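Biologist: I've just opened this one. Can you walk me through it?

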Amino acid sequence: MARFLILGGGGMLAYAIKSDPLFADLMSVDLPECDITRIENIEEIVSKHQPKYIINCAAYTDVVKAETEKELAILVNAEAVKNIAVISKKYKIKLVHYSTDFVFKGDKNIAYTEDMPMNAVNHYGHSKLLGEQYIKDIYPETLVIRVSWLYGPKGKNLFSKLPDLIKEKSALQIIHDQMGKTTYTFDVATATQKLLETEATGVYHFANEGVISRFDFATMVRDILKRANKDLNCDIKPVLAADFPDPTPRPTWSALCCDKYTEKTGEKPRWWQDALQDFIEKYDR
């Protein structure tokens, strides 16, 4: 038996959690061994291994494709989450689930708190919101951690791939008029452990400190890389979201307020630049 059962064990966030010694006593599962869209599959694994905690890292994360693959996004981010909540409650297992800043409309220049009204602007956000609602109705003792602009080793999104892109390309165009907070996966792993230590339940926000644009993040990645390779030369140009060839609706401002996390744990998230420096060091090993 393992203390922690990690669902979606092949993903970016799971990689960070599995790398953290605080979660050393774990079992990790993913497709095809565990299909979270089949409740009987989840129950079979849970009844066999009897974990104390289930950490759900499984998710449909392609924001662009979610606009056309709506049924699949709902199946993974909502219906499957309902399955996990039902089994966790049945076996009295502490459940940790991760959600997103995209549950908010993101049209106000404010730091969004956990109890503010939600109104997703795209189908990815809608599917994650529906998953949260299932958890609230079925198993409110769950710990839900909302993160934003997640990146880390093994990631396939823009933030995670920027070091390679900047090394490979002579020029990049990066959006500068959408603002938010980046969140480093290894910091999420630590934050999860700290919240579990306090027996936290309900919804908490966690992201690294500092509201920035994607352009700000990209230029900082380049600056860090240039310290090790002064010959690196990638011209990063700021562009408007409206001029970028991606029609997917996205929040223009989605900064998460993490005060509730700090009040619960006594810890403040570190600044985004420090987290990014750690990521680059791990990325280039």
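Modeller: One term before we start. Two strands pair if DSSP finds at least two bridges between them. Strands (E, at least two residues) and helices (H or I, at least four) are DSSP runs, numbered from the N terminus.

Biologist: Fine. What is the bridge partner of Asn56 in E4?

Modeller: His97 is the bridge partner of Asn56. Asn56 belongs to strand E3, which covers residues 53-56.

Biologist: How many bridges do E3 and E4 share?

Modeller: Four bridges, in the parallel sense. Strand E4 runs over residues 94-100.

Biologist: And what should I know about the model itself?

Modeller: This is a predicted model, where local features need pLDDT of at least 70 and side-chain atom pairs count only at pLDDT 80 or more, while totals for chains, interfaces and linings use all residues. Numbering starts from 1 along each chain as its sequence is written, and side-chain values use heavy atoms, with hydrogens and water left out.

Biologist: Back to the sheet. In which order do the six strands come?

Modeller: The order is E2-E1-E3-E4-E5-E10. The sheet is open, and its pairing is parallel.

Biologist: Which strands stand at the edges?

Modeller: E2, residues 26-29, and E10 do. Each has a single partner strand, so one side of each has no neighbour in the sheet.

Biologist: New topic: aromatics. How many aromatic pairs are there?

Modeller: The count comes to 14 aromatic pairs. Rings of Phe, Tyr and Trp (its six-membered ring) pair if their centres lie within 6.5 Å; planes under 30 degrees apart are stacked, over 60 edge-to-face, and the rest tilted.

Biologist: Why is the pair of Trp149 and Phe159 called stacked?

Modeller: Their ring planes are at 25°, so they count as stacked. The centres are 5.3 Å apart.

Biologist: Where do Trp149 and Phe159 lie?

Modeller: Trp149 is in the loop between strand E5 (143-147) and strand E6 (150-151). Phe159 is in helix H5, residues 158-168. So the pair ties together parts that are 10 residues apart in sequence.

Biologist: Is Trp149 buried or exposed?

Modeller: Trp149 is buried, with a relative accessible area of 7%. Phe159 is buried as well, at 6%. Buried means under 20% relative accessible area, exposed over 50%, partly exposed in between (1.4 Å probe, protein chains only).

Biologist: What kind of pair do Phe206 and Tyr261 form?

Modeller: That pair is edge-to-face. The centres are 5.1 Å apart, with 70° between the planes. Phe206 sits in the loop between strand E10 (202-205) and strand E11 (212-213), and Tyr261 in helix H8, residues 259-265. The two are 55 residues apart, and the pair links distant parts of the chain. Phe206 counts as buried at 4%, and Tyr261 does at 3%.

Biologist: Which residues do ring pairs link into a cluster?

Modeller: Tyr15, Trp149, Tyr151, Phe159, Tyr184, Phe186, Phe217, Trp272 and Phe279.

Biologist: Now His123. What does it touch?

Modeller: His123 touches Ala66, Glu67, Lys70, Ala73 and Ile74, leaving out residues up to four places away in sequence. Contact means heavy atoms within 4.5 Å. His123 is in helix H4, residues 123-138, and is buried at 15% relative accessible area.

Biologist: And which residues is Gln193 in contact with?

Modeller: Phe4, Leu22 and Phe23, with neighbours within four places in sequence set aside. Gln193 lies in helix H6, residues 185-197. At 13% relative accessibility, Gln193 is buried.

Biologist: How far apart are the C-alpha atoms of Asp164 and Tyr283?

Modeller: They are separated by 9.5 Å, although the residues are 119 apart along the chain. Asp164 lies in helix H5. Its relative accessible area is 32%, so Asp164 is partly exposed.

Biologist: Last topic, the backbone. Where is the cis peptide bond?

Modeller: The cis bond joins Leu31 and Pro32, with omega about 0°. Pro32 is in the loop between E2 and helix H2 (39-49).

Biologist: What is phi for Gln50?

Modeller: Near 45°, a positive value in a residue other than glycine. Gln50 is in the loop between H2 and E3. Lys92 is not a glycine either, and has a positive phi of about 55°.

Biologist: Is Lys92 buried or exposed?

Modeller: Lys92 is exposed, at 73% relative accessibility. Its place is the loop between helix H3 (70-90) and E4.
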